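Hi,

Here is the structure I said I would pass on. Have a look at it, and then read my notes below.

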Amino acid sequence: DDDGLGSRYQRQLLCVHRALSVVFAFDRRRARLVVLPLRGAGATATQHDVTLTRHAFSRFEHVRSLHLNGDGTLLALIGRRHAYVVELSARFHHAVSALLKDSPPSAPLIQCNAFVAGEFFTSTHASLTIRHAAWHPLSPEHLAVLTSDNVLRMYNLSAATRADDADIVLRLFALVPPPRSLSARAVDAARRRIGSPHVRQPPPPPPTA
């Protein structure tokens, strides 16, 4: 609904979850993720904060866009340097269902776990920034992140990987040919190439003597 939402939030900081009839929005002033119901009592009039129950970062920083994955189970908040990922678990679905009741007894507590995609890599490469990010069109568990070193990194964010606290699997794709710096046209082409077989993996390093 353009009435109210458009004046409160920038379009790139809004994301609709149609299956749940809610809108995610990022409140930049408070650096908080909020949920607004699309139906029920007070639809889109009241925002509800999402409380992060397990996360390794202190706050969302410089969030510029929101992206929901294909099956609606993960929400990516893309910042200048970090790709934050919020898990939309069964607990979240239950809280949203309570929120959409015509006369909820009280505002439910909306809790979610969150993590940073490629946290170790981003913590050791402070000079890199994110140019664009998108979920893989055929796999809801793979997030592609294009960074300022002209490399497209594919992160495997499957539940099994997260449950084992293992390092997130990386697949690296070099842009061909590798430009000195990415123009707006090159960035747009890279966006369309996500999931394309025409993006080639970099050759392996030469064998050592």
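You will find Ser97 in helix H2, which covers residues 90-99.

Before going on, a word on where the numbers come from. This is a predicted model, in which local features need pLDDT of at least 70 and side-chain atom pairs count only at pLDDT 80 or more, while totals for chains, interfaces and linings use all residues. Residues are numbered from 1 along each chain as its sequence is written, and side-chain values use heavy atoms, with hydrogens and water left out.

The overall picture

The chain has 209 residues, and 44% of them are buried. It contains five helices and twelve strands; these are DSSP runs numbered from the N terminus (helices are H or I with at least four residues, strands are E with at least two).

Of the contacts in the chain with a separation of 6 or more, 49% are between residues 24 or more positions apart.

How confident is the predictor? The average pLDDT of the chain is 76, and 65% of the residues score at least 70; pLDDT is the predictor's confidence in each residue, from 0 to 100. Over residues 195-203, pLDDT stays under 50, and the model has 14 contacts beyond four places in sequence for that stretch.

Salt bridges

There are four salt bridges in the structure. The term means a side-chain nitrogen of Lys or Arg within 4 Å of a carboxyl oxygen of Asp or Glu.

Start with Asp49, which bridges to Arg30 with the closest N and O atoms 2.7 Å apart. This pair links distant parts of the chain: Asp49 belongs to strand S4 (residues 48-54), Arg30 sits in the loop between strand S2 (22-27) and strand S3 (32-37), and they are 19 residues apart. Asp49 is partly exposed at 27% relative accessible area, and Arg30 is also partly exposed, at 30%.

Asp49 has a salt bridge with Arg32 too, where the closest N and O atoms are 3.8 Å apart. Here again distant parts of the chain are linked, from Asp49 in S4 to Arg32 in S3, 17 residues apart. Arg32 is partly exposed, with a relative accessible area of 29%.

Elsewhere, Arg153 pairs with Asp149, and their closest N and O atoms are 2.8 Å apart. Arg153 is buried at 6% relative accessible area, whereas Asp149 is partly exposed at 28%. As for shared partners, salt bridges join Asp27, Arg30, Arg32 and Asp49 into one network.

Aromatic rings

Which kind of residue pairs up next? The whole structure holds three aromatic pairs. Rings of Phe, Tyr and Trp (its six-membered ring) pair if their centres lie within 6.5 Å; planes under 30 degrees apart count as stacked, over 60 as edge-to-face and the rest as tilted.

The rings of Phe26 and Phe60 have centres 6.0 Å apart and planes at 80°, so this pair is edge-to-face. Phe26 is in strand S2 and Phe60 in the loop between S4 and strand S5 (65-68), 34 residues apart. Phe26 is buried at 3% relative accessible area, and Phe60 counts as buried at 5%.

Phe60 also pairs with Tyr84: the ring centres are 5.2 Å apart and the planes lie at 85°, so this pair is edge-to-face as well. Tyr84 is in strand S7 (residues 83-87), 24 residues from Phe60. Together, Phe26, Phe60 and Tyr84 form one aromatic cluster.

One last residue

Thr122 is in helix H3 (residues 119-124) and counts as buried, at 9% relative accessibility. Leaving out residues up to four places away in sequence, Thr122 touches Arg81, His82, Val116 and Ala117.

Enjoy exploring!

Key
Buried means under 20% relative accessible area, exposed over 50%, partly exposed in between (1.4 Å probe, protein chains only). Contact means heavy atoms within 4.5 Å.
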